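Work through the exercises below with the sequence and the model in view. Each task is followed by its solution.

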Amino acid sequence: MGWVFFFSDIYPGSISDNCITENSGVVQWIQPEHELMAERGFAIQDLCALKGIYLNRPAQKLSDQFTQAEVASNFDIASTRIHVERFIGRVREWSILNAVWPVQRMDLLSSTWQALCHIVNLTMPPIGPRENK
């Protein structure tokens, strides 16, 4: 169980994963030899290698089937990703982000996103596995 502690700016348009990760500064908060989880297509291995961070991504399918170890690893990563998606869902419940934003107000989009993320952290229980009842 936990809260989200880092909220990057919003990057509309075409920008690479490396640029977003570099511009956000998130890598500076991760200690060498620690782990960063990312989606399968998130190509930031060079950036992580420079800092000595282990990039944990789901395995690529190299043969007809995943090995048992790859299935288990992919499941662990996917279950963590579900928590991230649940947090994003909580933020999106604030309908202000679902509205059409005027071009003149796009400068406020990242600030609004980050403020709503903090509000969700302060007003809702931490994200984690759902309890079976």
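**Exercise 1.** Identify which residues of α3 meet which residues of α4, and classify them.

Solution. Phe87, Ile88, Arg90 and Val91 of α3 meet Trp113, Leu116, Cys117, Val120 and Asn121 of α4, where contact means heavy atoms within 4.5 Å. The residues of this contact divide into seven nonpolar, one polar and one charged. Nonpolar covers Ala, Val, Leu, Ile, Met, Phe, Trp, Tyr, Cys and Pro, charged covers Asp, Glu, Lys and Arg, and polar covers the others, Gly among them.

The model is predicted: local features need pLDDT of at least 70, side-chain atom pairs pLDDT 80 or more, while totals for chains, interfaces and linings use all residues. Numbering starts from 1 along each chain as its sequence is written, and side-chain values use heavy atoms, without hydrogens and water.

**Exercise 2.** Determine how the axes of α3 and α4 are arranged.

Solution. Helix α3 spans residues 68-92 and helix α4 residues 109-123. Their axes come within 9 Å and cross at roughly 110°. The two helices are therefore roughly perpendicular to each other (65 to 115 degrees).

**Exercise 3.** Find the partner of Asp107 in a salt bridge, and state the exposure of both residues.

Solution. The structure holds one salt bridge, defined as a side-chain nitrogen of Lys or Arg within 4 Å of a carboxyl oxygen of Asp or Glu. Asp107 pairs with Arg105, and the closest N and O atoms are 3.6 Å apart. Asp107 is exposed, at 52% relative accessible area, whereas Arg105 is partly exposed at 39% (buried is under 20%, exposed over 50%, partly exposed in between, with a 1.4 Å probe and protein chains only).

Methods:
Axes fitted to C-alpha atoms, helices over the stretch in contact; angles between N-to-C directions. Helix = DSSP H or I, 4+ residues; strand = E, 2+ residues; numbered from the N terminus. Parallel < 35°, antiparallel > 145°, perpendicular 65-115°, else oblique.
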